[in-house]
Amino acid sequence: MPLIQPLLIGGFIIAFFGYLRFMRSQLRDRLAATFLFLISCGAVLVPHITQRIADFVGVGRGTDLTFYLFAAAFIFFAVLVYSKLNRHTFAVTAVVRQIAINEAVARAAACEMENHSS
Amino acid sequence: MSKQNSWVVIPAFNDNGPLTKVIREIASLGYSVVVVDDGSQVPVITSVTTPGVHVLRHCVNLGQGAAIQTGFSFALSMGAAYLVTFDADGQHSANEIEALLEPLQSGVAEIALGTRFAEGGRALNISSLRLLVLRLATIVSRWTTGLCITDTHNGFRALTAKASRQIQITQNRMAHASQILDQISRFSIPYVEVPVTIRYTDYSRANGQKLSNGFNILWESFMERIQ
């Protein structure tokens, strides 16, 4: 077995189990990560399989197919991260806004009470 | 008509310029004022003694769009009938608020957009580059929204309470100005343009919107459209 194979597989295992252990995610995301992990391991352990799939879909070279799939996966994850970031931004904005408004309403009420009493 | 139900919303961030003077001018005309300190390192206003002036503070910096929406939400909760957005850097003239509110109070429109480029409007001390960028941005805004406008990204505008409930600013940063135009178009909100004077000063140029932000605004507007 070439040295690169255990190195890559070791990296995939660390990344995959690290994701499952430390990242809170939905079942859908965990399934997608598992699928990606298995595909990656398969491509490393049985390299000629990518060539066979490439021949089947008409890409030409297995390397090109891997590159295209990697590019597609990168775009997919970039959009996913962007969308999650946006959701977090909305949530933070709503909280910060509500705190600011609550403080101002309380100040206005205190001022009014002070004016009434004086 | 009482001016107290017209609320002027001033977003501010790390201001050490004419904000106090701006607030005093507006309050002296009888309008209610809400200053939204958008998480400045040092609070822009430490204490308020002027009646009718309210200061809100974001505990973190979110952006001008978020500050305006916070000001709108607060003013509406306090019973505002009209809302005006006004810059903190002294570019706008408090005396022109009345002209912006007039078409709303007479029922002609729900939103009055300040324009520096229509007849009667002025952009004092504007640089040629900024003028060019604004002209191009206006063409893009007309094309993307279908609105017949002569100016874009002019922060001096007025809305009725009804319109400001329809308009929901979710673009926290500078793209909110494009988002407002998008929503005017989408909800078919009646609008008019009102000529105003924008006075560029060294302070406003140093602290105001950078021209390079144009790319960020285009990007944010594009991402909002595809979401």
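Hi everyone, let me start with a strand. In β2 of chain B, Ser32(B), Val34(B) and Val36(B) point one way, while Val33(B), Val35(B) and Asp37(B) point the other way, and all of them are buried. In a regular strand, side chains alternate between the two faces of the sheet. So what is the burial count for β2(B), residues 32-37? Six of its six residues are buried, which leaves the strand mostly covered. Please keep in mind that this is a predicted model.

Who sits beside this strand? Strand β1 of chain B, residues 6-12, runs parallel to β2(B), and six bridges join the two. To find your way on screen, look for Val8(B), which stands opposite Val33(B) in β2(B).

Now let's zoom out to the sheet. Seven strands of chain B form an open sheet with mixed pairing, and the order is β3-β2-β1-β4-β7-β5-β8. Which strands stand at the edges? They are β3 (53-57) and β8 (191-195) of chain B, and each has a single partner strand, so one side of each is left without a neighbour in the sheet. On average, neighbouring strands here are turned by 20° against each other, ignoring direction.

Let's stay with β8(B) for a moment. Strand β5 of chain B, residues 111-115, pairs with β8(B) in the parallel sense over five bridges. One pair to click on is Ile111(B) and its bridge partner in β8(B), Tyr191(B).

Next, the core. The largest nonpolar core has 59 residues, and those touching the most other members are Val8(B), Val9(B) and Leu83(B). Helix α2 of chain B, residues 64-77, gives the most to this core, with six residues. As for Leu83(B), if we leave out residues up to four places away in sequence, its contacts include Trp7(B), Val9(B), Phe72(B) and Ala158(B).

What about chain B overall? Its secondary structure comes to eight helices and nine strands. Of its 227 residues, 44% are buried. Among contacts with a separation of 6 or more, 75% link residues 24 or more positions apart. Along the principal axes, the C-alpha atoms fill a box of roughly 45 × 40 × 35 Å.

Last stop, the contact between the chains. Chain A brings ten residues to it and chain B brings 14. On the chain A side, those residues divide into seven nonpolar, two polar and one charged.

Methods. Residues are numbered from 1 along each chain as its sequence is written. Chains are lettered from A and ligands numbered from 1 in the order in which they are written. This is a predicted model: local features need pLDDT of at least 70, side-chain atom pairs count only at pLDDT 80 or more; totals for chains, interfaces and linings use all residues. A nonpolar core is a set of buried Ala, Val, Leu, Ile, Met, Phe, Trp, Tyr and Cys residues joined through C-beta atoms within 7 Å. A residue is buried if 20 or more other C-beta atoms lie within 10 Å of its own, exposed if 12 or fewer, and partly exposed in between; C-beta atoms are placed from the backbone. Helices (H or I, at least four residues) and strands (E, at least two) are DSSP runs, numbered from the N terminus. Two residues are in contact if their C-beta atoms, placed from the backbone, lie within 7 Å. Two strands pair if DSSP finds at least two bridges between them. Axes are lines fitted to C-alpha atoms, for helices over the stretch in contact, and angles run from 0 to 180 degrees between N-to-C directions. Ala, Val, Leu, Ile, Met, Phe, Trp, Tyr, Cys and Pro count as nonpolar, Asp, Glu, Lys and Arg as charged, and the others, Gly among them, as polar.
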